[in-house]
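My entries follow in the order I made them.

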Amino acid sequence: MSNLPFQRRVPLLNMSLTEEDAHCAARWLSAPDSPVDHISRLHMHISLMWNTPWVASFMGGRASLYAVIRTLELKPGDQIVIPAFTCQCVANAITFNGVEIVFADIESDTYGMSARALQRVVTPRTRAIMIQYTFGLVCRDIDSLLAFARAHKLRIIEDCAHATGGKWQGKMLGTLGDIAFFSSERSKVVNTIHGGWVVTADPVLGKRLMEIYAQSPAPDADFIRRLLITLCHAFASRQGIAHPGPGDVLPQMHPTELAGLFTPQYAWKMAEPVAELLIMQLFRLDRILIKRRQGAMFWQRWAQKHGFRQPQVHPDAENTWLRFPVWLDEPKEKVAAHLEQALNIETGVWFTTPIHPQPCELANCPTGMLATKRSLNLPTWLWNEAELEE
Ligand SMILES: Cc1ncc(COP(=O)(O)O)c(C=O)c1O
């Protein structure tokens with residue numbers, strides 16, 4: 001393991017950015033008021049890709065989920081079941097709407113919600129479940145989760161934040177439930193620093209989504225300026241050019257939302273420059289996924305050789321492999337430090353709590369709790385030089 005040949009450190013973020021993306025961002029920085037309509041083009045493109053008539057784009061996966069909860073007309077007192085292995089902005093988007101979160105434990109094969117755990121936590125107040133494709137993996141229990149929710153007339157939300165372009169039995173993830181949301185945040189399959197979208201094929205939900213979209217405010221110009229600067233910086237650092245320092249760079253989470261408080265981003269629709277960047281990346285999606293799947297194959301061989309427990313892959317699942325998770329026998333921090341040095345890679349700790357990074361202990365979700373301590377993830381977009389050597 002010690003002589004694995006990653007000459008340059010393999011980062012977790014920003015590997016899919018290209019010079020074209022950086023030029024596009026720079027052009028928007030110099031001419032922010034260009035009269036264009038990329039949003040309609042984006043919505044049409046997404047509608048064709050996912051074969052769903054209703055599409056709306058927002059300023060994040062979190063903003064998209066915020067719109068989904070309102071589209072479903074979930075109200076204070078209603079409950080939504082989510083997996084006990086997610087992040088705080090997901091929880092925020094739900095609780096900002098006054099809806100109560102109920103956690104269901106996950107299974108350790110694919111980090112998805114366990115169907116048995118779901119059955120245990122449903123109450124008469126449950127209105128919806130959220131199926132999350134963690135690390136871009138199709139959940140082991142996907143068919144039973146869908147069947148149970150349908151049998152109990154629960155709305156099914158798919159969290160495809162990690163799973164843009166993934167499929168189950170040939171069907172696009174995001175088309176298996178009632179409504180789905182996606183993310184183009186910088187740690188995701190496509191990267192516009194912040195961004196997201198919602199799709200649905202249900203006409204009632206579709207019309208409601210369109211109303212919500214029409215009422216959603218545009219982001220403020222300074223946020224978009226900072227987003228474009230962040231993208232230019234991210235591309236520069238991916239190229240190994242010295243980072244000019246934090247300056248106007250946007251954080252992944254604003255300190256206000258980290259404190260569990262509302263920020264306007266949750267209500268914003270997507271801005272034109274972000275839509276143009278997203279279209280460019282969606283055109284490259286096939287190539288992006290090939291790259292990540294090649295990386296996952298590399299790690300599969302590596303995990304087998306070095307005795308690391310890896311996810312189970314169902315033959316009908318086409319995972320996006322946003323990250324390659326390994327389940328450890330000891331605390332992840334120690335192993336992370338070792339692997340980072342031995343392999344010259346960045347490792348990821350998603351998620352360190354059931355609603356990362358917010359402290360949260362869930363006695364009824366032992367697998368989710370254990371995953372927060374024992375699951376470490378590895379970057380799947382590798383430098384070309386490293387791919388074939390083990
Ligand atoms: C599983 C999951 N769902 C949703 C989101 C929210 O996406 P965004 O960062 O675009 O708001 C994230 C963010 O990391 C996530 O990990």
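I find Phe 351 in the loop between helix H12 (332–343) and strand E13 (355–356). Helices (H or I, at least four residues) and strands (E, at least two) are DSSP runs, numbered from the N terminus. The model is predicted, so I note its limits: local features need pLDDT of at least 70, side-chain atom pairs count only at pLDDT 80 or more, and totals for chains, interfaces and linings use all residues. Residues are numbered from 1 along each chain as its sequence is written, and side-chain values use heavy atoms, with hydrogens and water left out.

I checked the peptide bond from Trp 350 to Phe 351 and it is cis, with omega near -10 degrees. Another cis peptide bond joins His 356 and Pro 357, where omega is about 0 degrees. Pro 357 belongs to the loop between E13 and helix H13 (366–374).

**Aromatic rings**

Which residues share an aromatic cluster with Phe 351? I list Phe 85, Tyr 111, Phe 135, Trp 327 and Trp 350 alongside Phe 351 in one cluster. Trp 350 also has a charge over its ring: the charged end of Arg 323 sits 3.9 Å from the ring centre. The criterion is NZ of Lys or CZ of Arg within 6 Å of the ring centre and within 35 degrees of the ring normal. By that criterion the charged end of Lys 269 sits over the ring of Tyr 213, 4.7 Å from its centre.

Searching the whole structure, I get 22 aromatic pairs. Rings of Phe, Tyr and Trp (its six-membered ring) pair if their centres lie within 6.5 Å; planes under 30 degrees apart count as stacked, over 60 as edge-to-face and the rest as tilted. Phe 182 and Trp 197 have ring centres 5.0 Å apart and planes at 0 degrees, so I log the pair as stacked. Phe 182 lies in strand E9 (residues 179–183) and Trp 197 in strand E10 (residues 196–200), so this pair ties together parts that are 15 residues apart in sequence. Both Phe 182 and Trp 197 are buried; buried means under 20% relative accessible area, exposed over 50%, partly exposed in between (1.4 Å probe, protein chains only).

The rings of Phe 262 and Tyr 266 have centres 6.2 Å apart and planes at 40 degrees, so that pair is tilted. Phe 262 is partly exposed at 40% relative accessibility, whereas Tyr 266 is buried at 0%.

**Positive phi**

Phe 135 is not a glycine, yet has a positive phi of about 60 degrees. I place Phe 135 in the loop between strand E5 (126–132) and helix H6 (142–151), and at 0% relative accessibility it counts as buried. Ile 193, also not a glycine, has a positive phi of about 70 degrees. Ile 193 is in the loop between E9 and E10, buried at 0%.

**Helices**

I then took helix H8 (residues 221–238) and helix H10 (residues 272–283), which pack at an angle of about 35 degrees with axes 10 Å apart. Axes are lines fitted to C-alpha atoms, for helices over the stretch in contact, and angles run from 0 to 180 degrees between N-to-C directions. Ile 224, Leu 227, Leu 228 and Leu 231 in H8 meet Pro 273, Val 274 and Leu 277 in H10, contact meaning heavy atoms within 4.5 Å.

Last, I note that helix H4 (residues 88–95) has seven of its eight residues buried, so it is largely enclosed by the rest of the structure.
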